[in-house]
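Student: I would like to learn how to read a few local features in a model. Could we take them one at a time?

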Amino acid sequence: MTSSTIRTRWSPKRDTATPQHRRAARTAAAVAAGALALSLSACGSSDEGSGGSTGDTDETTNNVTLPKLDGTSLEVAAVWSGTEQANFKKVLQEFEKRTGAKVTFVPAQDPIINFIGSKVAGGQPPDIAMLPQPGAIKQAVDKGWAKELGSEAAKELGENYSQGWQDIGKVGGKQYGVYYKAANKSLIWYNNQVFENAGASEPETWPDLLNTAQTVFDSGVTPFSVGGAEGWTLTDWFENVYLSQAGPEKYDQLAKHEIKWTDPSVKDALTTLAQVWGKPDWIAGGANGALQTDFPASVTQVFTGGDQPKAAMVAAGDFAQVNIPSSMKIGTDAKVFPFPAVGDNGPVVSGGDAAVILEDSKGSQALATWLASPDAASIQAKLGGYLSPNKNVPNSDYPNAVQQKIAKALIDAGDDFRFDMSDQAPQAFGGTPGKGEWKILQDFLKNPKDIAGTQAKLEAEAAAAYGN
């Protein structure tokens, strides 16, 4: 997906914990989720910034050693656009300033692995690609495109990242990816004025969410905005419900296709989703309108229109902040609460974008080293709408109290997180517009009564993609 997902609860590695350890982990997870909920709802002080860029990036620290690269030209490919792309370019500009290299940003299309494949076939791959899925990293390695990180980049990664974040950038025990950007995808943003007018409160459980939605609807505002034109937003909905309802063990099994999509746990999650998706009046524009709404618009339409926006809330990651109008103050006008618990624990799902070297050179290794440094991440952190898994980025670099709390929760989680399920899948199933899980969930949004048929389609596509 574009801005990829953190499920900061359970380790993404194989589960070797005893039942006692699992219970302890879940208890800690519940406490962490409660603390996040409290901290997010408490934000609203005068030091909070708007959705736009408020950080001062002129002053940068120098914690990383980089070589002189005068005369070197590099290309970095990513699917980022708009503000996200502009902010990343500022990070590249600082690298240019420090090294003398020239770096060109190459806009890519989804699925980026196909875009990279065409560039490789043409003999002109970018030096580095920002890959948003562990599955895409593995594909790049399997095809012989990706190059292993050198000692300097690996050293920087080891100093600044938890083991879990290092491990999801590995294939076959070798380090290929630097997770430069992370995302907490277990959040629901809402228009505070609408909630106040309706007398609605922040929900903690799924039944609470349904009650809040009804309260908002009764006040005359459509409860939900859904960016269904981009299938990854729908996978995020499913994954949050599934992780909370089915639990982490089942989540890991489904992510690896060790259980089938026809499993009863998937039926339960789709049935739960249908409690929202099956009410067209609860979704801005109904199903057809949602399927024509891209992600940025799904956020914007919650925070424009005064007392009568098109919708009251949107399930979206922390990166949604860049799409909130600057006139809406984050923490005061635009607020956020954790995705409500469907089962015993609320979900915390994560995603990210990893820098992967495709053309091995002194310059590309230096750029990967730079992207693994706190210096690089701090630049973009100050600009807002960005979250780094780099534990040495000062929390104060984030421009508002809401984002500081989200960032702290991510870093405090250490290795205890779940990565976006669709991003772990082969891209043909979990990351291709108009195909696989994205397309099937778009069809389910249109017809949420067809649970069995949706399960059968998901299983057929998954079996073909996973080869089992």
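Student: Is His257 buried or exposed?

Tutor: This is a predicted model, and the label comes from relative accessible area, where buried means under 20%. His257 has 7%, so the residue is buried. His257 sits in the loop between α10 (248–255) and α11 (264–277). Its phi is near 60°, a positive value in a residue other than glycine.

Student: Which peptide bond is cis, with omega near -5°?

Tutor: The bond from Asp110 to Pro111 is cis. Pro111 belongs to the loop between β2 (102–107) and α3 (112–121).

Student: How many salt bridges does the structure hold?

Tutor: Side chains of opposite charge can pair when their charged atoms come close. The structure holds 13 salt bridges. One of them joins Asp375 and Arg98, at 2.9 Å from N to O. This pair links distant parts of the chain, with Asp375 in helix α15 (residues 374–381) and Arg98 in helix α2 (residues 82–99), 277 residues apart. Asp375 is buried at 2% relative accessibility, and Arg98 is buried at 15%.

Student: Which residues are linked with Arg98 and Asp375 in a network of salt bridges?

Tutor: Glu94 is linked with Arg98 and Asp375 in that network.

Student: Where do Glu159 and Lys155 lie, and how are they separated?

Tutor: Both are in helix α5 (residues 151–160); they are four residues apart, so about one helical turn separates them. Glu159 is partly exposed at 40% relative accessibility, and Lys155 is partly exposed at 46%.

How values were computed:
Residues numbered from 1 in each chain as written. Predicted model: local features only at pLDDT ≥ 70, side-chain atom pairs only at ≥ 80, totals over all residues. Heavy atoms only, no water. Helix = DSSP H or I, 4+ residues; strand = E, 2+ residues; numbered from the N terminus. Buried < 20%, exposed > 50% of the residue type's maximum accessible area, 1.4 Å probe, protein only. Salt bridge = Lys/Arg side-chain N within 4 Å of Asp/Glu carboxyl O.
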